[in-house]
Amino acid sequence: MMILGIVIFVVGLLVSIAWHELGHLSTAKLFGIRVPQYMVGFGPTLWSRKKGETEYGFKAVPLGGYIRMIGMFPPGEDGRITARSTSPWRGMIEDARSAAFEELRPGDENRLFYTRAPWKRVIVMFAGPFMNLILAVALFLTVLMGFGITQQTTTVSSVSQCVIAQSENRDKCTKSDAASPAAAAGLKAGDKIVSFNGVRTDDWNKLSDLIRATPGKDVAIVVDRKGQETTLHAKIATNQVAKKDSTGHVVPGKYVTAGFLGFSAANGVVRQDFGESVSWMGDRLGEAVGSIADLPGKIPALWNAAFDGAPRQPDSPMGVVGAARVGGEIFTLDIPPTQQLATALMLIAGFNLSLFLFNMLPLLPLDGGHIAGALWESLRRNLARVLRRPDPGPFDVAKLMPVAYVVAGVFVCFTLLVLVADVVNPVKIT
């Protein structure tokens, strides 16, 4: 089952990469840009086939992919490819420029990437990450609306016998503790609360908010007990309870004074409607953006986990190896097969969401860097037109290649650090 989970994740990874590159390929061809290669993976070619003017294939290392477009960068100032310079920085620039023209054929002069209008180049570069976003949304909706997700319900799991402030971090009652309202009212494990103080609800967060908002009040609670509705009466206590944020999640270490009934909610698989699914995805998007912004601050803990034996944090960055391992663990969990599949789809959806956000960073060699270059060119040309100045021409993105190499070097180092941590001290979900 572990191997099955890993295989499913790897297949999902390859599909995600191919889907990403398909976005670039389809829009490039739409705008008449010649694309000699469409490849999934890096390194030696395992299989390829040429169809029309494009070679399609798979390479040995399934950690990415690419399409090769003709004329990614404009030629030198004299209109030609500048000779190789002895300067390492100038050499990087001209190497990149040469690679952009190395497969130039007669008739390609009007099929170069850099000759397309900036808005067309933005579409071509944005199409790849956007395909990942589409796939992520489709998978999230499939799981949320089709399978459902595990969350707290209005069914009672257990009843507290006394009132204990949650900030005390204990679960045993003492003689000085007052009896909990739930126990005094006769609430039992297995009861499903269908109405609280006259308000019918089947949503845990709504029920929790109703309880918190009624400290000191006498309320009627209607429960479904073995198929029959029974009305119980309780006086809601005032207690220190965990603080919740705007999304209903508990804020660790923070407490507020609010109403307290005294029971634990059972978890269950609950299907979401479309509105709830959109709200859930919005929350995850915000969390993903925050996670990318927090990456630099997580490097010391990641280093300690990789080389000093420190515990690996649950929110530690994971690479492909770590994610594949988690994908394998999912299929070893003691949960129904449908939930194993749903969780695996969630993992692949999260991976695609990360690909979208990561590629949108305005840094070369990422797609976002090329988008930023095209937008800057558009701004320069429009400003020159308004000021009646000569057209400055295409923005030479190749001049940023030294920066791109530095960024790529940082990414490679970070990827290697994550790889080591994933091998020697992996994140585990069991």
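Me: How many helices and strands does the secondary structure of the protein come to?
Reply: This is a predicted model, and its secondary structure consists of 10 helices and 10 strands.

Me: And is the protein spread out or a compact globule?
Reply: The protein is more spread out than a compact globule, because its radius of gyration is 28 Å, well over the 22 Å that the globule rule gives for 430 residues. Taken along the principal axes, its C-alpha atoms fill a box of roughly 90 × 55 × 40 Å.

Me: What percentage of the residues is buried?
Reply: Of the 430 residues in the protein, 41% are buried. The accessible surface comes to about 22,900 Å², and carbon and sulfur atoms contribute 61% of that area.

Me: What share of the contacts comes from residues 24 or more positions apart?
Reply: Such pairs account for 65% of the contacts, counting those with a separation of 6 or more.

Me: Changing topic to charge: how far apart are the mean positions of the positive and negative charges?
Reply: The protein has 43 positive and 36 negative charges, and their mean positions are 3 Å apart.

Me: Where is confidence lowest, and where is it highest?
Reply: Confidence is lowest in helix 2 (residues 88–101), which has a mean of 55. It is highest in helix 3 (residues 118–147), at 96.

Me: Which residues of helix 7 are buried?
Reply: The buried residues are Gly322, Ala323, Ala324, Val326, Gly327, Gly328, Glu329 and Ile330.

Me: And what covers them?
Reply: The cover includes helix 1 (2–30), helix 8 (337–359) and helix 10 (401–424).

Me: Where is Ser316 found?
Reply: Ser316 is in the loop between helix 6 (274–307) and helix 7.

Me: Is Ser316 buried or exposed, and what does it touch?
Reply: Ser316 counts as buried because its relative accessibility is 13%, which is under the 20% cut-off. Leaving aside residues up to four places away in sequence, Ser316 touches Leu302 and Val427.

Me: On to the backbone. Which residues does a cis peptide bond join?
Reply: A cis peptide bond joins Leu364 and Pro365, with omega at about 10°. Pro365 is placed in the loop between helix 8 and helix 9 (367–386). For context, most peptide bonds are trans.

Me: What is the phi of Asn197, and where is this residue found?
Reply: Asn197 is not a glycine, although it has a positive phi of about 55°. Asn197 is in the loop between strand 4 (192–196) and strand 5 (199–200). With 39% relative accessibility, Asn197 counts as partly exposed.

Me: What about Lys226: what is its phi, and is it buried or exposed?
Reply: Lys226 has a positive phi near 55°, and it is a residue other than glycine. Lys226 lies in the loop between strand 6 (218–225) and strand 7 (228–235). Lys226 is exposed, since its relative accessible area is 84%.

Definitions and conventions
Residues numbered from 1 in each chain as written. Predicted model: local features only at pLDDT ≥ 70, side-chain atom pairs only at ≥ 80, totals over all residues. Heavy atoms only, no water. Helix = DSSP H or I, 4+ residues; strand = E, 2+ residues; numbered from the N terminus. Rg over C-alpha atoms; globule rule 2.2 N^0.38 Å. Buried < 20%, exposed > 50% of the residue type's maximum accessible area, 1.4 Å probe, protein only. Contact = heavy atoms within 4.5 Å. Areas by Shrake-Rupley, 256 points an atom, 1.4 Å probe, with all protein chains shown as cover. Lys, Arg positive; Asp, Glu negative; His and termini not counted. Charge placed at Lys NZ, Arg CZ, Asp CG, Glu CD. pLDDT = per-residue confidence, 0-100.
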